[in-house]
Amino acid sequence: MTMKVDIRKLSFVNEMAKVGTNGVADNMSKLTGQDARMEVTKTNFIDVADLERQLDAEKRVGVRVRLQDPPHGHILILFPEESAKKITAIMLDDVVDDLSDVSGKMARSAVEEMGTMMANGFIDGWADVLGRVIDIAAPQLVYAPAGEVVTRTASLDGEDLALFFDSDLTVPSYQIEAEIYAFPDIEAFVELVNAIDVQTT
């Protein structure tokens, strides 16, 4: 199987990022009742070893989701701790009056719920572009330095490459940084992208 993506299909990689993050923003808008927007600032295939070296040592909190259908692999949604605090405030706004009373367990649960919602929106976007259903396994909460989480996730699939989306999620009054990493089975991903029908003029 060729590992090369048809040059005419390269725009679909960016389209998948756009559609995926639009799905995230739509889910966030439904949750908050506000006009959420998510912008991808960078999309790139990157060597996992290089990515690990580029990431800082600060801890991230988020979710790891396994794709049970092609292109298989995992999706990783990570938040810096400051953004995780903002997420807790959004998710528990109608539940508690004083966030200082929120337990660590409640805060982690809030972040896990939002991370799962974001992952679902992103994967649904991918499924729409690829014209297929992509089921997922139960999300796993992760909390560790970014490089450690990324390396661990890549090792689960034995992949050397990751598809990295650096993005900003904006909800009125909140600026949330989110990092989205996709670790698809590269052969399966390339096959799916190359199978997409391109309309020529």
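1. Helices here are DSSP runs of H or I with at least four residues, strands are E runs of at least two, and both are numbered from the N terminus. On that basis the chain has six helices and six strands, and from the N terminus on they run α-β-α-β-β-α-α-β-α-β-β-α.

2. Some ground rules before the details. This is a predicted model, so local features need pLDDT of at least 70 and side-chain atom pairs count only at pLDDT 80 or more, while totals for chains, interfaces and linings use all residues. Residues are numbered from 1 along each chain as its sequence is written, and side-chain values use heavy atoms, with hydrogens and water left out.

3. Now the sheet. Six strands make an open sheet in the order S1-S5-S6-S3-S2-S4, and the pairing is antiparallel (two strands pair if DSSP finds at least two bridges between them). Strand S1 (37-47) and strand S4 (140-145) sit at the edges with a single partner strand each, so one side of each has no neighbour in the sheet. On average, neighbouring strands are turned by 25° against each other, direction ignored. For angles, axes are lines fitted to C-alpha atoms, for helices over the stretch in contact, and values run from 0 to 180 degrees between N-to-C directions.

4. Helix H3 (residues 81-91) packs on this sheet and touches strand S2 (59-66), strand S3 (74-80), S4 and S6; contact means heavy atoms within 4.5 Å. The direction of H3 makes about 110° with that of S6.

5. Strand S5 (residues 161-171) and strand S6 (residues 174-183) pair in the antiparallel sense over nine bridges. Along that pairing, Ser 167 stands opposite Ala 178, and Asp 168 has Glu 177 as its bridge partner. The S5-S6 hairpin has two residues between the strands, and Ser 173 takes a positive phi near 80° there. S6 also pairs with S3, again antiparallel, over five bridges, with Ala 182 in S6 as the bridge partner of Ile 75. Seven of the ten residues in S6 are buried (buried is under 20% relative accessible area, exposed is over 50%, and partly exposed is in between, with a 1.4 Å probe and protein chains only). For the chain, buried residues make up 45% of the 201 residues.

6. On to the cores. A nonpolar core is a set of buried Ala, Val, Leu, Ile, Met, Phe, Trp, Tyr and Cys residues joined through side-chain atoms within 4.5 Å. The largest one has 42 residues, of which Ile 75, Phe 79, Met 118 and Trp 126 touch the most other members. Two or more residues each come from helix H1 (10-32), S2, S3, H3, helix H4 (104-130), S5, S6 and helix H6 (186-195). H4 gives the largest share, twelve residues. As background, nonpolar side chains tend to be buried together in soluble globular proteins.

7. Which residues does Ile 75 contact, leaving aside its neighbours within four places in sequence? The list is Val 63, Arg 64, Val 65, Leu 67, Phe 122, Ile 123, Trp 126, Ile 180, Tyr 181 and Ala 182. A second, separate core of 16 residues includes Leu 51, Ala 154, Tyr 181 and Phe 183.

8. Salt bridges: the count comes to two, taking a side-chain nitrogen of Lys or Arg within 4 Å of a carboxyl oxygen of Asp or Glu. Glu 179 and Arg 60 meet in one of them, at 3.0 Å from N to O. Glu 179 lies in strand S6 and Arg 60 in strand S2, so this pair ties together parts 119 residues apart in sequence. Both Glu 179 and Arg 60 are buried. Asp 35 and Arg 37 also form a salt bridge, 3.0 Å from N to O. Here Asp 35 is partly exposed at 47% relative accessibility, and Arg 37 is exposed at 55%.

9. A word on the annotation. UniProt lists residues 106-143 as "domain: CheC-like protein" in an unreviewed entry; its positions are in the numbering used here, feature names are shortened, and annotations may be inferred rather than shown by experiment. Over residues 106-143 the chain is 66% helix and 11% strand, with the end C-alpha atoms 15 Å apart.

10. Thr 116 is buried, with a relative accessible area of 18%. Beyond neighbours within four places in sequence, Thr 116 is in contact with Val 63 and Pro 139.
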